[in-house]
Amino acid sequence: MTKPKIWLSSPHMGGKEFEYVKEAFDTNWIAPLGPHVDGFEKDLCDFTGSKNAAALSAGTAAIHLSLILLGVERDDEVLCQSFTFSASANPIVYQGAIPIFVDSETDTWNMSSKYLRIAIEDRISKGRKPKAIIPVHLYGMPAQMKEIMAIAHEFDIAVIEDAAEGLGSKINEKACGTFGDLGILSFNGNKIITTSGGGALISENENYIKQARFLATQARDAAPHYQHSHIGYNYRMSNVCAAIGRGQMTVLNDRVKQRRFNHAYYEQQLADLPIQFVKEPEGFFSNRWLSCILVDPKKTNGISREDIRLALETENIESRPLWKPMHLQPVFEKYPFYGDGTAEKLFENGLCLPSGSNLTMDDLKRVTEKMKTLFN
Ligand SMILES: *Cc1c(COP(=O)(O)O)cnc(C)c1O
């Protein structure tokens, strides 16, 4: 008899979602606009402390619109964290622009400010000053935003903060997504909260958000007929999806608590194993979207992250290697990269453990028991 599946990160409804969705049906707001869209945007502002938010069809759409708002065009260069999911970088190429990949540092696994500076100075020396910087709060761990923003200001380059995995994370109580000129969020099915699929753009700059809403609804000019002076996109969030989002916002703090509990439990239960966890630097608060470990076969008598993954799979437990860096991806390998191999090493040795907020104590025990057996 196979044991029930333990997923890496699965949707977790809070209870209010269906009520809000029913309200959308009862009032016939089945469209990419409506009261739940407005309400969800307000909820996101209240939660993050951002002044403005636009609910969109995906986090990827939010990154794409950010690049357009910053005037990124064909052959422009955009600096992007290499250690991330491909959605951080794809929109750069949608614009015909060139991604310049930057390595990670070991404290947060996010963009290295050292290589960010080296990359900027080298691009400028080639007469190619980058138009934007995309740091990522990977797995919920905040990037070193103080250092990154200082460099961005020094060189006068805009920052698009990819907080797709970092909703609920903060540095000294300031929410991830609110440090950059623009912040992007994702509500895909595997994220800390979900609208089944969706995203948002947040910014202190009201103009950016107004312009984002305009572009996201086919860039329709103010006229009684359909009049267009810009290329538009169909990137707005549906009122039905926003209804799910409003329900999820009522439990977001609990979801952060549960994910942090998972991480603390793994750390405690697996403390005797020769594996490493990433710690929160002073003042950093991670939502611990995914709990990750590093497994160095030189310290484990040859046990690799792949051995652990396969062992867990025999117990019907899903785990997954850390993101493969973008500069090593066939589709991106022709683009410049600045770094020293940190992201590559994280990829080689890293594993994400089951991290859903709906895991039971029994689920968590099944994971840790299997790992202890493998090492003993
Ligand atoms: C999920 C994710 C995105 C994209 O969000 P979607 O809503 O799936 O389009 C972007 N960046 C990172 C780091 C992500 O994890």
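Everything here comes from a predicted model.

**The three-stranded sheet**

Let's start with the open sheet, where 3 strands line up in the order β11-β14-β12 with antiparallel pairing. The edge positions go to β11 (291-294) and β12 (320-321); each has a single partner strand, so one side of each has no neighbour in the sheet. Helix α10 (residues 305-314) packs on this sheet and touches β11, β12 and β14, with its direction at about 25° to that of β14. As for the pairing itself, β12 and β14 (residues 350-353) are joined by 2 bridges in the antiparallel sense. One detail to look up in the model: P321 has L351 in β14 as its bridge partner.

Which residues of α11 are buried? They are T342, A343, L346, F347 and N349. Their cover includes β11, β12 and β14, along with α10.

| Helix pair | Axis distance | Angle |
|---|---|---|
| α1 (residues 17-26) and α8 (residues 239-249) | within 7 Å | roughly 150° |
| α10 and α12 (residues 361-375) | 10 Å | about 125° |

How do α1 and α8 run relative to each other? Angles over 145 degrees count as roughly antiparallel, and α1 and α8 therefore fall in that class. The way α1 passes α8 is a right-handed crossing. On the α1 side, the contact is made by E17, Y20, V21, A24 and F25, and these meet N239, V240, A243, I244, R246, G247 and Q248 in α8. Sorted by class, the residues of this contact come out as 7 nonpolar, 3 polar and 2 charged.

The helix α10 that packs on the sheet also has α12 as a packing partner. This pair is oblique, given its angle of about 125°, and the crossing is right-handed. From α10, the residues D307, I308, A311, L312 and T314 meet V367, K370, M371, L374 and F375 of α12. That contact has 7 nonpolar residues, 1 polar and 2 charged.

**A strand covered on both faces**

Strand β1 (residues 52-56) has 5 of its 5 residues buried. In a regular strand, side chains alternate between the two faces of the sheet. Here, N52, A54 and L56 sit on one side of β1 and A53 and A55 on the other, and both faces are covered. The strand β9 (residues 199-203) runs antiparallel to β1, and 5 bridges join the two.

Most residues other than glycine have a negative phi.

Terms used:
Residues are numbered from 1 along each chain as its sequence is written. This is a predicted model: local features need pLDDT of at least 70, side-chain atom pairs count only at pLDDT 80 or more; totals for chains, interfaces and linings use all residues. Side-chain values use heavy atoms; hydrogens and water are left out. Two strands pair if DSSP finds at least two bridges between them. Helices (H or I, at least four residues) and strands (E, at least two) are DSSP runs, numbered from the N terminus. Contact means heavy atoms within 4.5 Å. Axes are lines fitted to C-alpha atoms, for helices over the stretch in contact, and angles run from 0 to 180 degrees between N-to-C directions. Angles under 35 degrees count as roughly parallel, over 145 as roughly antiparallel, 65 to 115 as roughly perpendicular and the rest as oblique. A crossing is left-handed if the near helix is turned anticlockwise from the far one by less than a right angle, and right-handed if clockwise. Ala, Val, Leu, Ile, Met, Phe, Trp, Tyr, Cys and Pro count as nonpolar, Asp, Glu, Lys and Arg as charged, and the others, Gly among them, as polar. Buried means under 20% relative accessible area, exposed over 50%, partly exposed in between (1.4 Å probe, protein chains only).
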